[in-house]
Amino acid sequence: MSTIPAWWAGNGLRAEPSGLHFDGRSLRALATEHGTPLYVYSLAKVRRRVDELRAAFASRGVPFRLYYAMKANRFRPVLQTIRDCGDVGIDACSPRELELARELGFGPGEISVTASMLSNRDLDFFASAGASLNLDSLSAIRRFGERVPRGTAIGLRLDCAVDIGYGSHPKLAYGNTKFGFAHDAFEAAVEAAAAAGLVVETLHVHCGWGIQRGALHKLEWVMEKMAAFARRLPSVSTVNLGGGLGARRRAGDDPVMPEEWADAAARHLGPLGLTIACEPGTLLVDAAGVLLVEVNTVEEKSGTVWIGVDAGHNVNLYAAHYGLPIEIAHVDRPLAAIAGPASVAGNINESNDIFARDLPLPVVAEGDLLAFLPAGAYGSSMASDHCLRGPVREVAL
Ligand SMILES: Cc1ncc(COP(=O)(O)O)c(C=O)c1O
């Protein structure tokens, strides 16, 4: 019997009597070499994910442009892997992300910026960098227009107007939030762009994180809306569908797959002859990463077995911030039988710093290693130095 979640079996994770292996490497050996907490990434998997997405769109014969949302994971070897793909650009959301993309050799035509609540300082930087911006406020349109030559191309980010993120979680669904122009504000945005001397070449939408198959019909509705807006504006040559794919946190999850996404996009937008762009983060890197932590405390308190580990929400924010589950596997004894429920807590002085409550786990002892899965997206990139617990370690295979 294995305590590795079944859906991870085909993911490069192997349970052996000697312990858990990822992409053929012993996770215990990696932790011993680099210390914990440690993010471990499979670069081969990142490449495979890019190939799958590219192939999905290529087989539908629609012009396609892929940008990687670097906010998901900006570990250098991951970014270099994306760079080495050759035809993948970067979706940046801040001046420093853009700078980092440039450092890696991405040129202006390979970087798309989608950011919100931009300061004049931000806009000065983006204007001088010649960045392609997707803007989502009249204020940003006006102020960007003051900084760039007339005729500069921009994108308009639209509000998808539906709750479509993982379980319609308010932190993960972007309809009717601070992002984008509401549908009835489209005209005003187009007029503001014209008044500012800007040309709208891109329409952009990002619906949320973790879109599941059950919401595919809503996603198609959004695509149809985007097609309708594009028809109204002859200057539009690209529709950017954002990200939101590929999130799988537990066995029952059923994320929209690249094939289905490409298929829907080709049906709704293909006939317009536009370039279909997207900027996924999670889809490309999430399942390519695991987080290794060391157990420092095993103790029963008021009927709950608490397992304390050497990482907290400063290292991985998913559970504390979004309330999202994370799978936990025993690195040293992945084949051990389940012993009973235990709660896994982090080492940060916050009561919500808990990774899992009453999770069925095998016997866990102090000094053991646990693997948190998946951890490739928004793990290290959202890490903080709260409680001065220090920076996280990362290693690429
Ligand atoms: C504008 C935009 N594009 C793309 C992404 C990437 O999303 P995901 O990681 O769900 O693919 C995000 C994530 O927040 C985003 O805000």
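Where is Pro37 found? The answer comes at point 6, after the overall layout.

1. Basis. This is a predicted model, in which local features need pLDDT of at least 70, side-chain atom pairs count only at pLDDT 80 or more, and totals for chains, interfaces and linings use all residues. Residues are numbered from 1 along each chain as its sequence is written.

2. Domains. The chain splits into domain 1 (6-42 + 287-396) and domain 2 (43-285). These bounds come from an automatic or database domain assignment. The C-alpha centres of domain 1 and domain 2 are 31 Å apart. Domain 1 gives 21 residues to the contact, and domain 2 gives 21 residues. Two residues are in contact if their C-beta atoms, placed from the backbone, lie within 7 Å. On the side of domain 1 that touches domain 2, the classes are 12 nonpolar, six polar and three charged residues. Here Ala, Val, Leu, Ile, Met, Phe, Trp, Tyr, Cys and Pro count as nonpolar, Asp, Glu, Lys and Arg as charged, and the others, Gly among them, as polar.

3. Core. The largest nonpolar core has 125 residues. Such a core is a set of buried Ala, Val, Leu, Ile, Met, Phe, Trp, Tyr and Cys residues joined through C-beta atoms within 7 Å. A residue is buried if 20 or more other C-beta atoms lie within 10 Å of its own, exposed if 12 or fewer, and partly exposed in between, with C-beta atoms placed from the backbone. Leu27, Leu292, Leu370, Ala371 and Phe372 touch the most other members. Helix H8 (residues 216-232) supplies the largest share of this core, six residues. Domain 1 and domain 2 both give residues to this core, so it lies between them. Leaving aside neighbours within four places in sequence, the contacts of Leu27 include Leu292, Val331, Leu369 and Ala371.

4. Strand S18. Helices (H or I, at least four residues) and strands (E, at least two) are DSSP runs, numbered from the N terminus. S18 covers residues 369-373, and five of its five residues are buried. In a regular strand the side chains alternate between the two faces of the sheet. Both faces of S18 are covered. Leu369, Ala371 and Leu373 are buried on one side, and Leu370 and Phe372 on the other.

5. Partners of S18. Two strands pair if DSSP finds at least two bridges between them. Strand S13 (residues 289-301) runs antiparallel to S18, with four bridges joining them. Leu292 stands opposite Ala371 in this pairing. Strand S15 (residues 327-330) also pairs with S18 in the antiparallel sense, over four bridges. There, Glu327 has Leu373 as its bridge partner.

6. Cis peptides. Pro37 sits in the loop between helix H1 (27-34) and strand S4 (38-41). The peptide bond joining Thr36 and Pro37 is cis, with omega about -5°. A cis bond also runs from Leu373 to Pro374, with omega near -15°. Pro374 lies in the loop between S18 and strand S19 (393-396).

7. Positive phi. Most residues other than glycine have a negative phi, and most peptide bonds are trans. Asp23 has a positive phi of about 50°. This residue is in the loop between strand S2 (19-22) and strand S3 (25-26). Asp23 counts as partly exposed because it has 17 C-beta neighbours inside 10 Å. Cys387 has a positive phi near 65°. Its place is the loop between S18 and S19. Cys387 is partly exposed, with 14 other C-beta atoms within 10 Å.

8. Three-stranded sheet. An open antiparallel sheet has the order S1-S2-S3. Strand S1 (13-16) and S3 are its edge strands, each pairing on one side only. Four bridges join S1 to S2. Leu13 has Phe22 in S2 as its bridge partner.

9. Ligand shell. There are 16 residues around the ligand, of which Ala69, His206, Gly243, Gly281 and Thr282 come nearest. A residue is near a molecule if its C-beta atom, placed from the backbone, lies within 6 Å of it. The shell has seven nonpolar, seven polar and two charged residues.

10. Val309. This residue belongs to strand S14 (residues 304-309). Val309 counts as buried, with 26 C-beta neighbours inside 10 Å. Leaving aside neighbours within four places in sequence, its contacts include Val293, Val295, Val344 and Leu370.
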